[in-house]
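Here is a short report on one protein model. Look at the structure first, then read on.

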Amino acid sequence: MVLPSLATVADLAAILGRTFTPEQELQAQALLDQASSVVRAYVRLDITKSTTTDTFALGWPDRGQHVVSDGCWRYGQVTLPQRPIEAVTSVKINGSASQDWWLDNDLLHVRSVPWLGPPGAHQPPQVEVTYTHGWDPVPGDIQAITLQAANRVIVNPSGIRSETVGGISTTYLIPAVGEYLGVLLSRTEQKVLDRYRRSAGSVRLRSV
């Protein structure tokens, strides 16, 4: 799934106070696409509102076992990687639809027969989840950082911090990685994005 840019060419033109030529619009869109990818990679989220179907291996919590008349059932759980979660529209366990689940923030609790076999012989139950997540509109600080990252390349494509004519050496804007690589995030921008950043979550098998 191709995700849209987190800011528009019109937004970028507005902060620059200029009108782009058709060629400049193509360049601006490419830079915004790159900046959006960098921001998404840092926060580990899609950010924009969308609907995703993912399949997860069900995990078992330390508590929550329920005994019923026809055997032993447990409530397993998976952590949905995208947020904020607006709605879960479908849950399937090993291909069969389930209505016996509930959502606690990004943690989905699902009732299933427990996985009793040794790891080498059996697979844990597979949970397919379809859910809607993300922001609409994109939060203002995320949009601003995306625009800033793209704008830096437009106004200073060589990454030059200072330059003195007349044989004096040029100083370049070198990020923490040690070389100028184009669209990057500053440490200050990373700190702002930290409030959105997702920690490691459940094992996701596939998405569509």
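## A strand pair

Thr53 has Thr130 in strand E8 as its bridge partner. Strands E1 (residues 50–57) and E8 (residues 126–133) run antiparallel and share eight bridges. Strands count as paired if DSSP finds at least two bridges between them. Strands (E, at least two residues) and helices (H or I, at least four) are DSSP runs, numbered from the N terminus.

Six of the eight residues of E1 are buried, so the strand is largely enclosed by the rest of the structure. Buried means under 20% relative accessible area, exposed over 50%, and partly exposed in between (1.4 Å probe, protein chains only).

## About the model

The model is predicted: local features need pLDDT of at least 70, side-chain atom pairs count only at pLDDT 80 or more, and totals for chains, interfaces and linings use all residues. Residues are numbered from 1 along each chain as its sequence is written, and side-chain values use heavy atoms, without hydrogens and water.

## Salt bridges

How many salt bridges are there? The count is four. Each puts a side-chain nitrogen of Lys or Arg within 4 Å of a carboxyl oxygen of Asp or Glu.

One joins Lys49 to Glu86, with the closest N and O atoms 3.0 Å apart. This pair links distant parts of the chain, 37 residues apart: Lys49 sits in the loop between H2 and E1, Glu86 in strand E4. Lys49 is partly exposed at 40%. Glu86 is exposed at 52%.

Another joins Arg152 and Glu189, at 2.8 Å between the closest N and O atoms. Arg152 is in helix H3 and Glu189 in helix H4, so the pair ties together parts 37 residues apart in sequence. Glu189 is buried, at 5%.
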